[in-house]
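I opened this entry to get my bearings in a structure I had not seen before. My notes follow in the order I looked things up.

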Amino acid sequence: MTPDQVIEVMDKPISRELLASSIPARFSYVGLDGDPRVVPIGFHWSGAELVIATVPTSAKVKALRANPRVAITIDTDGFPPRVLLVRGSARLDEVEGIPEEYLAAAHKVVPDDQYAEWEAGVRALYQRMTRITVTPDWAKLLDFETTLPKAVEDLVRAQQG
């Protein structure tokens, strides 16, 4: 995909809705043992990058240093399903304190009346974090009305042709 095609997908109204939602991303990567991993994780969409923050000693940080390729899914559980699929390479930056993107991601899920206490606890716990930044290089939105998985598109096309 070209960067313009990726931006087109990421800028669709349903994509923007999913990126702004409190739905956790399903973040997949390959572990150091070669097995795939998928973890639900909070994220922040900057308008160009997905940003995740974690403990510098986490298994995913070690694995991403060895193989930075990731896949990310953000999806609903209603009907019709809405699914945003993203692929890219992770960039890792160790930062002092708490990245603003981590706080922004948490603000989507932590209730307002609990946020100040939550933030104080996080600031007391983490001295350093690793910021994981993914610039999408491939994206697809499945809304099951105007877009479908490729195999289903192919099947529909074959039946029509």
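**Order of elements.** I began at the N terminus and read off α-α-β-β-β-β-α-β-β-α-α-β-α. That makes six helices and seven strands. I note here that the model is predicted.

**Overall figures.** I looked up the span of the C-alpha trace along its principal axes and found about 60 × 40 × 25 Å. The chain has 161 residues, and 36% of them are buried. Its accessible surface comes to about 9,200 Å². Carbon and sulfur atoms hold 55% of that surface. I then checked contacts between residues at least 6 apart in sequence; 71% of these join residues at least 24 apart.

**Helix 2.** Which residues of helix 2 are buried? I found Ser15, Leu18 and Leu19. They cover an arc of only 100° around the axis, so they sit on the same side of helix 2. The face turned away from that side carries Pro13, Glu17 and Ala20, which are exposed. I also looked up what covers the buried residues: helix 1 is included, and so are strands 3, 4, 5, 6 and 7.

**Asp93.** I found Asp93 in strand 6. Its relative accessible area is 34%, so Asp93 counts as partly exposed. Beyond its neighbours within four places in sequence, Asp93 is in contact with Met129, Thr130 and Arg131. Asp93 and Arg131 are 38 residues apart along the chain, yet their C-alpha atoms are separated by 5.2 Å.

**Charges.** I noted 18 positive and 23 negative side chains. The centres of the two sets lie 6 Å apart. Side chains of opposite charge can pair when their charged atoms come close. How many salt bridges are there? The count comes to nine.

I looked at Asp11 and Arg16, whose closest N and O atoms are 3.4 Å apart in a salt bridge. Asp11 is partly exposed at 44%, and Arg16 is partly exposed at 42%.

Next came Asp137 and Arg69, a salt bridge with its closest N and O atoms 2.6 Å apart. Asp137 lies in strand 7 and Arg69 in strand 5, so the pair ties together parts 68 residues apart in sequence. Asp137 has 33% relative accessibility, and Arg69 has 37%.

Last, I checked Arg128 and Glu96, which meet in a salt bridge at 1.7 Å, N to O. This pair links strand 7 to strand 6 across 32 residues. Arg128 is partly exposed at 32%, whereas Glu96 is exposed at 62%. Glu94 joins Glu96 and Arg128 in a network of salt bridges.

Definitions and conventions. Residues are numbered from 1 along each chain as its sequence is written. This is a predicted model: local features need pLDDT of at least 70, side-chain atom pairs count only at pLDDT 80 or more; totals for chains, interfaces and linings use all residues. Side-chain values use heavy atoms; hydrogens and water are left out. Helices (H or I, at least four residues) and strands (E, at least two) are DSSP runs, numbered from the N terminus. Buried means under 20% relative accessible area, exposed over 50%, partly exposed in between (1.4 Å probe, protein chains only). Contact means heavy atoms within 4.5 Å. Accessible areas come from the Shrake-Rupley method with a 1.4 Å probe; for residues, only the protein chains shown count as cover. Lys and Arg count as positive and Asp and Glu as negative; His and the chain ends are not counted. The place of a charge is taken as NZ of Lys, CZ of Arg, CG of Asp or CD of Glu. The arc is that of the directions from the helix axis to the C-beta atoms. A salt bridge is a side-chain nitrogen of Lys or Arg within 4 Å of a carboxyl oxygen of Asp or Glu.
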